[in-house]
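Here is a friendly briefing to read alongside the structure.

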Amino acid sequence: MSSYRDAIRSALRQLMQEDERVFLMGEDVGNYGGAYAVSKGLLEEFGPERIRDTPLAESGFVGAGIGAALGGMRPIVEVMTVNFSLLALDQVVNNAATMRHMSGGQFEVPLVVRMATGGGKQIAAQHSHSLENWFAHVPGIKCLAPATVQDARDMVLQAVADPDPVFVFEHQLLYGMTGELDEEAAPADPWRAIVRRPGEDVTLIGWAGTLGKCLEAAEALAKEGVEAEVVDLRCLRPIDFPTLAASVTKTHRAVIVDEGWKTGGLAGELMAGLMERVFYELDGPIRRVCTAEVPIPYAKHMEDHALPTVERVVAAAKESLRG
Amino acid sequence: MTRDEILAALRRHLNAIVPGEGDELALDDDIRDELDLDSMDFLKLVQGLHEDLGVDIPETDYGKLDTLEAFVGYLSR
Amino acid sequence: MVEAAAGEQLFTMPSLGADMEAGRLVAWKVGVGDAVKRGDIVAEVETEKGLIEVEVFADGVVRELLVEPGAKVPVGTALARIGGAAESGAAAGGEAETDGAGAGGAARVDVAYAPAAAPGSAPGEAIGEPVESVGETAYGAAPGKTKLDGAPSTPAARREAREKQLDVGGVRGSGSHGRVGLEDVRGAEGDAGGARVASAAATGARGEGSAAEAGRVRATPVARRRAEERGVDLGAVEGSGRDGVILLADVEKAPVGVTGPAKTKAASPAEAMRAAIGAAMARSKREIPHYYLTHTIDLGAAMSWLEARNADRPPTERVVPAALLVKATALALKKVPELNAWWTGSAAPPKAEVNVGVAISLRGGGLVAPAIPGTDQLGLDALMAAMSDVVERARRGALRASEMGSATVTVTSLGDRGVESVIPVIIPPQVAIVGFGTPSERPWVVDGEVVPRTLVTASVAGDHRVTDGHHGARLLARIEKLLQKPEKLDS
């Protein structure tokens, strides 16, 4: 059994061992071992040239990562949380995402940016948001959201193998989660959604931090005789609509569980995409369970209340059975 | 009151009860049978004639009034 | 889906008989803003039984018409909102102001952000996300509210206001910038109803969707598609989803090739009525174990009395014998109340009032039996007036909703075409029907002598689940007795 954190570290180590062009940089990734201890021990193993601590300047070091990628390196940039990544949005949107297109295919940016996302650890609004949808909005980049230990490894490996900028969103509550990890396995295709639990009655769609809630909800629903199918979205851009549509075509109902805010969020995009594809399969409106439209509160009881809960997923699923 | 006036009044009131059919009625048709009038309808006809022509047909005479001709004869007296 | 807000009543598609499932709104007789009082005709509805004028059962003001003329909707569908007159504000000036504030405030507070209060408008909000209801207003909407609705309010104040069905916009705030706090709401609770219209406006806003939908069958996309594939008429399918929406499973269960009443109807109204009568009578014959009794009654006294009574009256004030028979039946039922009842599925508790349904054959075919409310209470003149009124309106197609579903027993008299007696069929959910043949002169034995007498054969069909022949016999005997003292029927 390995942790999600170990799995990412395993991938980083394998990448650095196999390819000299790979290096990791970010705030506190070296001496401190990473804000979430993902890179712990890597400085000792690979040295300060490849495990580089940066100043608190996201725009600067993400921009440096883009430059390194353009120059032929395979940089992996760790941004401490998605909240801080906004400082680097200009580099991401105006440079990383556009370079291939604006150069007529002459340049490519094989950059990987990893960052922690999500709430639930009582570290308040500035460290707890889920802004993946901001990135998933932008053509020219790809967005992955591993929800399992194996995916944490595989997705980092595949992100580095991809010739374009790939963003990996690691839910901060998952770092300590343990599960089976096959370090020898060929990494799975990261761009496809996967049915994690088959069912006939309603499709629950989650990813990263909400997949576990969907599986728990499915467990609870099964006790009431409702067979929920749980789909792990995995890739937030491009979205694997064929897999989602196939599931909804089977169950005719869907509940989307998104830790982001509802307004302008990914859940709405998924609803719209499904509506465009399988409207005539729907046996009622698609539901979504999202985070309350507030900055994530610090107080535990309020934070718990603001984030999607298993109870709300169960309630939404049962509601969907009634059309 | 002329025969034509009486007939016109009769047909007018019958048409109000059974739209259109008052005109079709022959002089010696049985009004109740032909137009499927019930006692309520017949009373309505009597009421209409009462208001229109000022004639008062006692209930005991209802039985005699089975055709348009009978009405004309009765009211011409 | 559509719910009445505080101080409001929903005017719904009435059931005009146990077999009625839907009706078509033909016309509105009132508009938004009109004051109505109980008993006013507010709409015309077309059913298999013809065109019916429908009355409203509440006093108030028409707040909103939810269904467009031409729409066919199931029984129970909200057609309009009637706001209580008392709630519309003490002064006319205040009303407009309060309503305006209520509409603005409600749309923002109660509909957009209160899941419990807005089941229809925002499905996503309705699935139990209390956090958002607090959160959105607290952070998202508060600045907007300040500008648009006058005063900001705290989440706790809004929650309290919702629970007490107060319009928070109508509460005076004591906090900084006029912020309405919990204490302000609690203090306002006892105030006059000015603030208590929030939900009315709120539900008005949330009713939009339903108004648009009301005219069509509500079915999910996949249910529609499947129905088309299978050749199932959605109009004939009963929806098991929320608010009766037809789900996929409902379509799968439906028999293939079922054609709905709409198609039958399209053929001709007469055919539709025939189908409706057929359905009701088939149900009666299928479900009700009828017993039948007949009894020959000497009408001599009654006819002489009536003749004398009519003799010195102008035709407009005369009473037909049928009125006497109906009155006698109504009074007799007071003595045998078991036969004046509705079958509820397991029992038939007697009805307190006697509303005799009078069977009226329609020209061109068909039959209706509108009720004459409180038949036993009416004097003969009033009863006669009521009878000629319903006959006239039945044939004109202008019966009222309240007349169509409220009969507690039916009287059918086929005497005008000369039949001796009628063996009638009970109209569900009633449990008895009384029939009269033609009163005619026949030989009768009085004091050992055969004499000519005007006789009528009365009959009764009773529901054996509720009563036995003995009850029916008592009823007929009672009718006979009452007809021997006709003057007592005239009160």
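E160(C) is buried, at a relative accessible area of 10%, where buried means under 20% relative accessible area, exposed over 50%, and partly exposed in between (1.4 Å probe, protein chains only). This is a predicted model, in which local features need pLDDT of at least 70, side-chain atom pairs count only at pLDDT 80 or more, and totals for chains, interfaces and linings use all residues. Residues are numbered from 1 along each chain as its sequence is written, chains are lettered from A and ligands numbered from 1 in the order in which they are written, and side-chain values use heavy atoms, with hydrogens and water left out.

**The E160(C) pair**

- E160(C) makes a salt bridge (a side-chain nitrogen of Lys or Arg within 4 Å of a carboxyl oxygen of Asp or Glu) with R186(C), and their closest N and O atoms are 3.3 Å apart.
- The two residues are 26 apart and link distant parts of the chain, with E160(C) in helix α3 (residues 155-163) and R186(C) in helix α4 (residues 182-188), both of chain C; helices (H or I, at least four residues) and strands (E, at least two) are DSSP runs, numbered from the N terminus.
- R186(C), in turn, is partly exposed at 42% relative accessible area.

**Salt bridges in the other chains**

- In chain A, D151(A) pairs with R196(A) through a salt bridge whose closest N and O atoms are 2.9 Å apart.
- That pair also links distant parts of its chain, joining helix α8 (residues 149-161) to strand β9 (residues 194-197) across 45 residues.
- D151(A) is buried at 4% relative accessibility, while R196(A) is partly exposed at 30%.
- In chain B, R12(B) and D52(B) form a salt bridge, with the closest N and O atoms 2.3 Å apart.
- R12(B) sits in helix α1 (residues 3-17) and D52(B) in helix α3 (residues 39-53), so this pair ties together parts of chain B that are 40 residues apart in sequence.
- Both partners are partly exposed, R12(B) at 45% relative accessibility and D52(B) at 37%.

**The wider count**

- Over all chains, the salt bridges number 46.
- One network, built from salt bridges that share partners, joins R100(A), E108(A), K142(A), D162(A) and D164(A).

**Chain C as a whole**

- Chain C contains 14 helices and 18 strands.
- Of its 491 residues, 46% count as buried.
- Contacts (heavy atoms within 4.5 Å) between residues at least 6 apart in the sequence of chain C join residues at least 24 apart in 63% of cases.
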